[in-house]
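Hi there,

Here is the structure I promised to pass on to you. Have a look at it first, and then read on for what turned up in it.

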Amino acid sequence: MKNIIKRYITGLTGCLALVLCLTVSSCSDTLNSAPDGKIALNDVFNDNEMTAAYLNTCYTYIPAEGAQWYFCMRGPVVWCDEAWDTDAEAEGWLTSGQLYNGSASAVTHPAYEWSSMNNGDHWNRNWTAIRKCTYFLTHIDGATVTSEANRSRWKAEAHLLRAYYYSELLRWLGCSLPIERELYSLDYDFSIVKRSSYYEVAQFILEDCDAALSSPELPWRITTDAEGYRFTKAVAEAIKSRMSVYMASPLYNQGQNCWEEAYQVNKTALANLKAQGYELYNRINYPATWGDPEAFFPNDYAALFNEYFCNNMAFGASPVDRETLYQNQYDQIGVWNLDGVGAQDGYKSGTCPSQELVDCFETTDGQPILNPARPYLDEVTHLQPNFNPANTLYDEQDPYANRDPRFYASIYYNGSKRKADWRFEETTGSVENYPADRGFRVRIIATWDGEPQTGIHPTSRKATRTGYFERKFLHPFSGMDAYYIFGAHHKSFRLGEVILNYAEAAAEANHLDEARAAVNEIRSRVGMPNLPAGLSKDELVLRIRNERRVELAMEGHRYFDVRRWNTPDGNLEKTDRWINAMWITRNDDGSYTYKRGPVSRERLCWTQKFMWLPIPMNEVNILKSLTGEDWQNPGW
């Protein structure tokens, strides 16, 4: 049914194209045409099944996210200070390589140019989806629908989908936008299209979410596979939580203090979600795998955290996973051989966590490794860490001992172990592992400079660029044959994020005790000590920001966080210009010497204009001809 219903209007300026097409078509042409099997769009709403099918098409623009960016990489994760993409050197003409080289413009921006699985083409894709949702909302009240309960639910879903697509536009482009509450008519005067402020658009998003929440027919949870991936009231609360924090952030608040409003929205959202049975994933449910000693987790907390990200949520009334609020419908294929330890299959490693990310994981006593207020004495190059003098557990020459369990769940580091199908024989250069045949076996992940399989290297695609490999989304034993296991679907919204949104808004609004309690809930799930009492507001905000970086690592949030915490006249020099690695030397006695150093080169995607994506130039030109205004984001 989805293929029957065609959409020819794309982007905000599509209305004008439709008007021009209707102008040049004569009435006689229409009357003289033979039936061609197509269905008029208005006729769709005279049929219950086609009305439902039209709503289904509104879901088709949701991005896959995760590791499904072109070419099988993590997009915003490797475009900020979290990680480096190994394709940037091996395939420098792809997205990451172009961005690192500063080769981006409003005409050919790689985030638009290399679109995959709805990841990319943000302007046209989201505007097309918004218009479809608005069209549905315009017609649903008069549509032929056999169940009033369905009418109510479908209407709620359309409101919520429109809110989601608007939130994506705000996240990526961060600019004032028109609010399409009603459809533009064919004779609309586009010269008077009004752009609303970021705050006003955010309020419209909250309004659409509230409209969805008001429907008694929209469920809080999907309980059958047949309805999998439909939006729920939980998604409405998650969007409200996220966007209220975004609109209050320095980059977008236009000098207004909106933190109390964000705090109230998040407090209500979190309370409602918990009242409906949502909770943090808090126990190991698959001990045969994640409790296996050869999964090589140092404790149950690390195993628990990794287990959560390696499994899909189930659709049921009493699911094992009560934390995920929405997972998208796309399989995350190729995680083990395209975004893991590249040597395992000999192809590529993809996402290599940065030294900056590794520095954020505290020691087990709850002490930060670095000074939270100024982690690096050289704030741009990050080569001089400003160590926290209160931390007595961290050793620069034994840097991976005694760390937050989430570190072991998320990152493979020098000396860690993995049991999997290794598709090569070991050579004498791999001294920790030689001799060994190819096959299913335990291997030490040695990342020192010169190790021929998993060692750090500036250009090899299968190597690590940083001295680290991603583990967070990687099944403990995945590989070829019996263990060819897809990555779990991307968790677009989860309760952990909502709790951290609430903590941030509460701290910024001076509800410090509530903020600290929320962060401690996140920390206690993995056995980390509570934050110390008596932190000042500024100190608490810094700890909350670091907690986001650790808890949400490589999930795609950091790219947006470093921007929204910035100011409109700022840039990304202190976070994104230089990305560091741990360059390790193996000594003759088998010990290692650890030294920080840049991955390979300066990134050129740190200047002010990279705070936002550009509006595509062809769209800017059309909009300027219609409205007389330049809609382009600064610097593009």
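Which residue lies over the face of W631? It is R195, at 4.8 Å from the ring centre. Please keep in mind as you read that this is a predicted model.

**The overall picture**

The protein chain holds 23 helices and 10 strands. Its radius of gyration is 25 Å, close to the 26 Å that the globule rule gives for 636 residues, so the chain is as compact as a globular protein of that length. Along the principal axes, the C-alpha trace spans about 90 × 55 × 50 Å. Of the 636 residues, 59% are buried.

**Aromatic rings**

A pair of aromatic rings is described by the distance of the centres and the angle of the planes. The count here comes to 52 aromatic pairs. Take Y166 and F204: their ring centres are 5.5 Å apart and their planes stand at 85 degrees, and because an angle over 60 counts as edge-to-face, that is what this pair is. Y166 belongs to helix α9 (residues 148-173) and F204 to helix α10 (residues 198-213), so the pair links distant parts of the chain, 38 residues apart. Both Y166 and F204 are buried.

Y198 and Y252 make a contrasting case, as their rings are stacked, with 4.0 Å centre to centre and 10 degrees between the planes. Y198 sits in helix α10, while Y252 is in the loop between α11 (233-248) and α12 (259-275), so this pair ties together parts that are 54 residues apart in sequence. Y198 and Y252 are both buried.

There is also a cluster to look for: ring pairs link F361, Y400, F407, Y408, Y413, Y468, Y592 and Y594. One of its members, F407, has R403 over its face, at 5.3 Å from the ring centre.

**Salt bridges**

Side chains of opposite charge can pair when their charged atoms come close. For this model the count comes to 53 salt bridges. In one of them, the side chains of R230 and E157 meet at 2.4 Å, N to O. R230 lies in the loop between α10 and α11 and E157 in helix α9, so the bridge ties together parts that are 73 residues apart in sequence. E157 has 0% relative accessibility and therefore counts as buried.

R406 and D404 form another salt bridge, with the closest N and O atoms 2.8 Å apart, and both residues are buried. For E426 and R441, the closest N and O atoms of the salt bridge are 3.0 Å apart. Here E426 is in the loop between β5 and β6 and R441 in strand β6, so the pair joins parts that are 15 residues apart in sequence. E426 is buried, with a relative accessible area of 5%, and R441 is buried too, at 13%.

Salt bridges that share partners join E323, E362, D404, R406, K472, R494, R523, R525, R543, E547, E551 and E555 into one network.

**Backbone details**

The one from Y70 to F71 has omega near -5 degrees, and F71 is in the loop between α4 (48-58) and β1 (83-85). The bond from Y434 to P435 is also cis, with omega near -5 degrees, and P435 is found in the loop between β5 (416-422) and β6 (439-445).

H382 is not a glycine, yet has a positive phi of about 65 degrees. N402, likewise not a glycine, has a positive phi of about 60 degrees. H382 lies in the loop between α16 (355-358) and α17 (405-410), and N402 is in the loop between α16 and α17 as well. H382 is buried, with a relative accessible area of 3%, whereas N402 is partly exposed at 37%.

**On the surface**

I333, Y484 and F486 form a nonpolar patch on the surface, with about 270 Å² of accessible area together. F486 is in the loop between β7 (469-470) and β8 (491-494). With 38% relative accessibility, F486 counts as partly exposed.

How values were computed:
Residues numbered from 1 in each chain as written. Predicted model: local features only at pLDDT ≥ 70, side-chain atom pairs only at ≥ 80, totals over all residues. Heavy atoms only, no water. Phe/Tyr/Trp six-rings, centres within 6.5 Å; stacked < 30°, edge-to-face > 60°. Helix = DSSP H or I, 4+ residues; strand = E, 2+ residues; numbered from the N terminus. Buried < 20%, exposed > 50% of the residue type's maximum accessible area, 1.4 Å probe, protein only. Lys NZ or Arg CZ within 6 Å of the ring centre and 35° of its normal. Patch = residues over 30% accessible without salt bridge, like charges linked within 9 Å, V, L, I, M, F, W, Y side chains within 5 Å. Areas by Shrake-Rupley, 256 points an atom, 1.4 Å probe, with all protein chains shown as cover. Salt bridge = Lys/Arg side-chain N within 4 Å of Asp/Glu carboxyl O. Rg over C-alpha atoms; globule rule 2.2 N^0.38 Å.
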